[in-house]
Each structure stands twice: as C-alpha cells, then as structure tokens.
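Biologist: I am new to this structure. Please pick one part and take me through it closely, starting from the overall layout.

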Amino acid sequence: MKIEDIRGAVADTLEARGLSNRTFLREIRTGKRDESPYMIGALACAAAQIMQPAG
C-alpha cells in the first residue's frame, strides 16, 4: 500500500461522511495534512495490518 492510496482513501472517506471543505480534502490528497489526526490514524491502521501474521 502506498501513502498516496492512504491519502486518497482518507479524503474519500471524509468526503463520503459529509466533509465539504474542498481545500482541506485537496491538502490531504497532496500530503500537506499528513500530521492530521485522520492521517495518523490511517497510517497506524495500515501499519497494524502489515504487521499482522498471515493466517
């Protein structure tokens, strides 16, 4: 999974949940909001999935 995929998924999910701030969504997609709680949570989840043993 690439960071760009995670950024897109976070922005898409926020938009689907009703966030309409286009500037904020664009900043998430371009990496200007990687320190936001949304991105930190998404990165933590992605890291946890990678670290899970298969099975």
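Modeller: From the N terminus on, the elements run α-α-α. That makes three helices and zero strands. Keep in mind that this is a predicted model. Its C-alpha atoms fill a box of roughly 40 × 20 × 15 Å along the principal axes. Of the 55 residues, 24% are buried.

Now take helix H3, residues 37-51. How far apart should its ends be? At 1.5 Å a residue, its 15 residues should span 21 Å.

Next, its buried residues. These are Met39, Ala42 and Ala46. They cover an arc of only 65° around the axis, so they sit on the same side of H3. The general rule is simple: an α-helix has 3.6 residues a turn, so residues three or four places apart point the same way. The face turned away from the buried side carries exposed residues: Pro37, Cys45 and Met51.

What do the buried residues of H3 pack against? They pack against helix H1 (3-16) and helix H2 (22-30).

Look at the H1 partner. From H1 come Ile3, Ile6, Arg7, Val10 and Leu14. They meet Tyr38, Met39, Ala42, Leu43 and Ala46 in H3.

Finally, the geometry. H1 and H3 pack at an angle of about 125°, and their axes are 10 Å apart. The two helices are therefore oblique to each other. Their crossing is right-handed.

Terms used. Residues are numbered from 1 along each chain as its sequence is written. This is a predicted model: local features need pLDDT of at least 70, side-chain atom pairs count only at pLDDT 80 or more; totals for chains, interfaces and linings use all residues. Side-chain values use heavy atoms; hydrogens and water are left out. Helices (H or I, at least four residues) and strands (E, at least two) are DSSP runs, numbered from the N terminus. The expected span of a helix is 1.5 Å times one less than its number of residues. Buried means under 20% relative accessible area, exposed over 50%, partly exposed in between (1.4 Å probe, protein chains only). The arc is that of the directions from the helix axis to the C-beta atoms. Contact means heavy atoms within 4.5 Å. Axes are lines fitted to C-alpha atoms, for helices over the stretch in contact, and angles run from 0 to 180 degrees between N-to-C directions. Angles under 35 degrees count as roughly parallel, over 145 as roughly antiparallel, 65 to 115 as roughly perpendicular and the rest as oblique. A crossing is left-handed if the near helix is turned anticlockwise from the far one by less than a right angle, and right-handed if clockwise.
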